[in-house]
Amino acid sequence: MNMWDEFQIENGETINWQIGSLSLWMEHRDEEFLISQAYSDEDINVLSATQVRDHVDLPEDLSWNRYIVQDPSTKFQLVPALPDRAVVVSPEFPIKLATNSDVVFYMSIPVWVQIMAGNEKKALFKEIPSLVLSNTWFGDTMTGELCYALTTRALRKIEDHGDLRHRIICPVRILNLGSEPLDFQNLCVHVEHLMVFGGAEHLWSNDVSIIYRGDEQPSEIRYEDKMQYETECVILSSERVPSQKTIISKSFSFIKSFTAFD
Amino acid sequence: MFEEILSGIEKIITPANMIVVLKIAAIIVIGLLFLRLILFYVKRTMKKRFSQQSIMIVRKLLSYTALFIILILILKQLNVKLAAILGAAGIAGIAIGFASQTSLSNIISGVFLISEKAFTVGDIIKVDGISGIILSVDLLSVKIRTFDNQYVRIPNEKLINTEVVNVTKFPIRRLDINLTIAYKEDLSRVRELLLEITEKNPHCLDNPEPLFVIKEFGDHGVELLLGVWFFKTDYLVTKNTMMQEIKEHFDREGIEIPFPHLSLYAGSISDPLKIQMIGNKPENLH
């Protein structure tokens, strides 16, 4: 069964999904649906759905949540979505981009799994991140925004990602129109404005372009409607927060350390 | 006797008086309904743009003004001469002013507090050892709900003269964890371990980076400070998870957290102190 297709769970049936470090179980017991999840210590490159044959196979310490629906024959669907907050991407090493140059980075972002329920119109049942991301702050200590922290190698070739089926690839193009080289250590991407496309090989977000014009000026961010890397792809989830196509925002963080004591 | 009471009532309940009573009732009902309607629309329109504090002040000002107007209209219906009342009110005002200096001081302090915007409804403040969530900032006092669910009223005058800590003014905070480790421990290893615990805890912010300080060589061990940043609403979960994880990791790695103790040495490298009995053993000592 395709991971992101609609499905039904028969009474007494249990399905297990493995999405990266997330193990997700869903069981139909009489008129209730039970959902449980667990995380492994490492982010494994896996995306699979299997039927649990025997309850002996289930981990003992699982804690289940009970969900009640009117119609026991309700259809469900797992939908891959982007995180619910902006993501601060920290490349392993600081990056310097020369003036009047542009570069495309392919960020791999963990999937947020939305369990949708309903036969005709589907509603959100439960949402679970496939990887628990650490919180981080983008801005100074008095103003800024709460984001998720993501350490990535900020790869410049899609092939270098390998077979990353459990992550969403977000292409970010950075254009430096400032008079000095752009030296940055953190990049804030507002993924809540992005859609998720399902391609034959990968999950994609729409393209993001950031135009940098200098320290004193805010960056211009463009969210494109399309995804250009795979010809046949479908929209799997729409953006959480619709935005204008172009917005002006602070996107880069240059100050690395914060050393106030007492 | 009964006839006298009855005739007295008949004199009061005249058609003219009944009209006045009805008019007063109409003023009260329509006035209060109109006030409620205005307050509802004010709350709805201000909700998106203004703080809870500003909405509360505007609503209170509107309520007091409307109630004053209703009172004036009622007095007018009763043919009370307003000029005389206002004159009397002026004299009474002076007398009341002298008698209520504390209240006036509180009101002036309240005006300063509101204009200063040091805190607003919903903030968590600490005043004189009391901490809680602000329920309202009024002209006379600030009302807070403590975390053990007690209602505390703090006069504005006291807030002006006392140090007030607004815990939730800024969006992120630092949790300082003071630790003492035994002298025998490897400081680099402990530092590495503490930063690893912080990095793995999803509630601790990656940026600003955690702070690690070797504070001093204390009486019982090396005193350390670990400062981790967190979003202001995550205080309890950050503190509890961090404390638990530090204890578990220290136990697992065999890192000693020394309790207060006193060791006696005769020198830097020495044998234990020798104890020598002088004199004969007392006869009755068992």
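**View 1. Surroundings of A:His202 in a predicted model.** Leaving aside neighbours within four places in sequence, A:His202 is in contact with A:Ile158, A:Gly162, A:Leu164, A:Ile169, A:Phe197 and A:Glu230, where contact means heavy atoms within 4.5 Å. A:His202 sits in the loop between strand S18 (196-198) and strand S19 (203-205) of chain A. Strands (E, at least two residues) and helices (H or I, at least four) are DSSP runs, numbered from the N terminus. Is A:His202 buried or exposed? A:His202 counts as buried because its relative accessibility is 7%; buried means under 20% relative accessible area, exposed over 50%, and partly exposed in between (1.4 Å probe, protein chains only).

This is a predicted model, in which local features need pLDDT of at least 70 and side-chain atom pairs count only at pLDDT 80 or more, while totals for chains, interfaces and linings use all residues. Residues are numbered from 1 along each chain as its sequence is written, chains are lettered from A and ligands numbered from 1 in the order in which they are written, and side-chain values use heavy atoms, with hydrogens and water left out.

**View 2. Domain 1 and domain 2 of chain A.** Chain A is divided into domain 1 (6-79) and domain 2 (84-110 + 131-259), with bounds from an automatic or database domain assignment. The C-alpha centres of these two domains of chain A lie 32 Å apart. Ten residues of domain 1 of chain A are in contact with nine residues of domain 2 of chain A. Between them an area of about 770 Å² is buried, 54% of it from carbon and sulfur atoms; buried area is the accessible area (1.4 Å probe) that two parts lose on being put together, summed over both. In domain 1 of chain A, the residues losing the most area to domain 2 of chain A are A:Asp43, A:Asn45 and A:Leu47, together 58% of what that side buries.

**View 3. Helix H5 of chain B.** H5(B) (residues 101-116) has 16 residues and reaches 22 Å from its first C-alpha to its last, close to the 22 Å expected at 1.5 Å a residue. Its buried residues include B:Asn106, B:Ser109, B:Gly110 and B:Leu113. Seen down the axis of H5(B), the buried residues fall within an arc of 110°, so they line one face of the helix. The face turned away from the buried side carries the exposed residues B:Gln101, B:Phe112 and B:Ser115. Strand S3 (141-146), strand S4 (151-155) and helix H6 (156-161) of chain B are among what covers the buried residues of H5(B). After H5(B) comes B:Lys117, with a positive phi near 55°.

Note on methods:
Expected span 1.5 Å × (residues − 1). Arc of directions from axis to C-beta.
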